[in-house]
Amino acid sequence: MAAGWMEPNQCRSLLILVESVTAPLLIEHPAPVCLESDVESDLEVPGDAAQTAELIRSLTQQALDSMPDGGDLTVTACRVGDRMELEIADNGGSVFQRERKLPIVAAALNVRLQWQDCPQGGGAVTVSFPADTIEKRAAA
C-alpha cells in the first residue's frame, strides 16, 4: 500500500476505509475516474476491517472494469434502521450486461448484495450489513 495510506485493520472510520481502498484503484485505472463519497463521518467500519476493505476493493474493481474509458464512481453509506448500507455506483454499462462476481468475503461478512441499474445510467451494488455485525464491531 502506498505511503500515507492506512492499513485496513487500522481503520475505525468507514469513510477513511473507503477512501484508503478506492484511491489506489483509481490512480491505477487507465482512464480518469471521479470519486464522490457520501459516507456519514460518524459511521464505524462494520465487522472486520480487513474483510470489509477486501469487499470494497472487489466491488470497486468490478465498477471500474465497467468504465474502461473513465467516468464517475459514487460511494455512499448510511444507517437504515438497525442495519448499515454501503452502495457503490458507477456510470458504466447496465449491471445486467456485465459480469457480476460475488466476492467470497461477502459470505464471511454475512452481507447481502443487491445489483441494480441506476436511473441515470450505469449500475450500483448495495451492500447490507446485518445489525449483529455492526453490534459486534461496536463491542470490540
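Me: Where does α1 bend?
Reply: Keep in mind that this is a predicted model. In it, α1 bends by about 25° at Thr-22. A proline, Pro-24, follows within four residues of that point.

Me: OK, and how many residues does α1 have?
Reply: Helix α1 covers residues 14-28, so to speak, the stretch with 15 residues. From first C-alpha to last, α1 reaches 22 Å, which is close to the 21 Å expected at 1.5 Å a residue.

Me: Which residue caps the N-terminal end of α1?
Reply: That's Ser-13. One of its side-chain oxygens lies 3.3 Å from the backbone nitrogen of Leu-15.

Me: And which residues of α1 are buried?
Reply: Quite a list! Leu-14, Leu-17, Val-18, Ser-20, Val-21, Thr-22, Ala-23, Leu-25 and Leu-26 are the buried ones. Notice that Thr-22, where the helix bends, is on that list.

Me: What covers them?
Reply: The cover includes the strands β1 (33-39), β2 (71-80) and β3 (83-90), along with helix α2 (49-65).

Me: Let's go to α2 then. What span should its 17 residues have?
Reply: At 1.5 Å a residue they should span 24 Å. The end C-alpha atoms of α2 are 24 Å apart, so the two values agree.

Me: What happens at the start of α2?
Reply: There, Asp-48 reaches out with a side-chain oxygen, to within 3.2 Å of the backbone nitrogen of Ala-50.

Me: Which residues of α2 are buried?
Reply: They are Ala-49, Thr-52, Ala-53, Leu-55, Ile-56, Leu-59, Thr-60, Gln-62, Ala-63 and Leu-64.

Me: Switching topic: how many salt bridges does the structure hold?
Reply: Four. One of them joins Arg-57 to Glu-54, with the closest N and O atoms 3.0 Å apart.

Me: How far apart are those two along helix α2?
Reply: Arg-57 and Glu-54 are three residues apart, so about one helical turn separates them. Here's the general idea: an α-helix has 3.6 residues a turn, so residues three or four places apart point the same way.

Me: What about the salt bridge of Glu-85, which residue does it meet?
Reply: Glu-85 meets Arg-83, at 2.9 Å from N to O. Glu-85 is partly exposed because its relative accessible area is 22%. Arg-83 is partly exposed as well, with 26%.

Me: Which residue does Asp-90 meet in a salt bridge?
Reply: Its partner is Arg-98, and the N to O distance is 2.9 Å. Asp-90 is buried, because its relative accessible area is 5%, and buried means under 20%.

Me: Where is Arg-98?
Reply: Arg-98 sits in the loop between β3 and α3 (104-109). Leaving out residues up to four places away in sequence, Arg-98 touches Gln-62, Ala-63, Ser-66, Asp-90, Gly-92, Gly-93, Gly-122 and Gly-123.

Me: Where is Cys-78 found, and what is it in contact with?
Reply: Cys-78 is in strand β2. Setting aside neighbours within four places in sequence, Cys-78 is in contact with Glu-40, Leu-43, Arg-83, Met-84 and Glu-85. Arg-83 and Glu-85 are the pair that meet in a salt bridge.

Me: Which residue has a positive phi although it is not a glycine?
Reply: Asn-110, with a phi of about 60°. You'll find Asn-110 in the loop between α3 and β4 (112-117).

Me: Last one, zooming out: how many helices and strands does the chain have?
Reply: Four helices and five strands. From the N terminus on, they run α-β-α-β-β-α-β-β-α. Buried residues make up 47% of the 140 residues in the chain.

Technical notes. Residues numbered from 1 in each chain as written. Predicted model: local features only at pLDDT ≥ 70, side-chain atom pairs only at ≥ 80, totals over all residues. Heavy atoms only, no water. Expected span 1.5 Å × (residues − 1). Bend = angle between axes of the 7 residues up to and from the residue. Buried < 20%, exposed > 50% of the residue type's maximum accessible area, 1.4 Å probe, protein only. Contact = heavy atoms within 4.5 Å. Polar contact = N/O pair within 3.5 Å; in protein donor to acceptor, adjacent residues only side chain to side chain. Salt bridge = Lys/Arg side-chain N within 4 Å of Asp/Glu carboxyl O.
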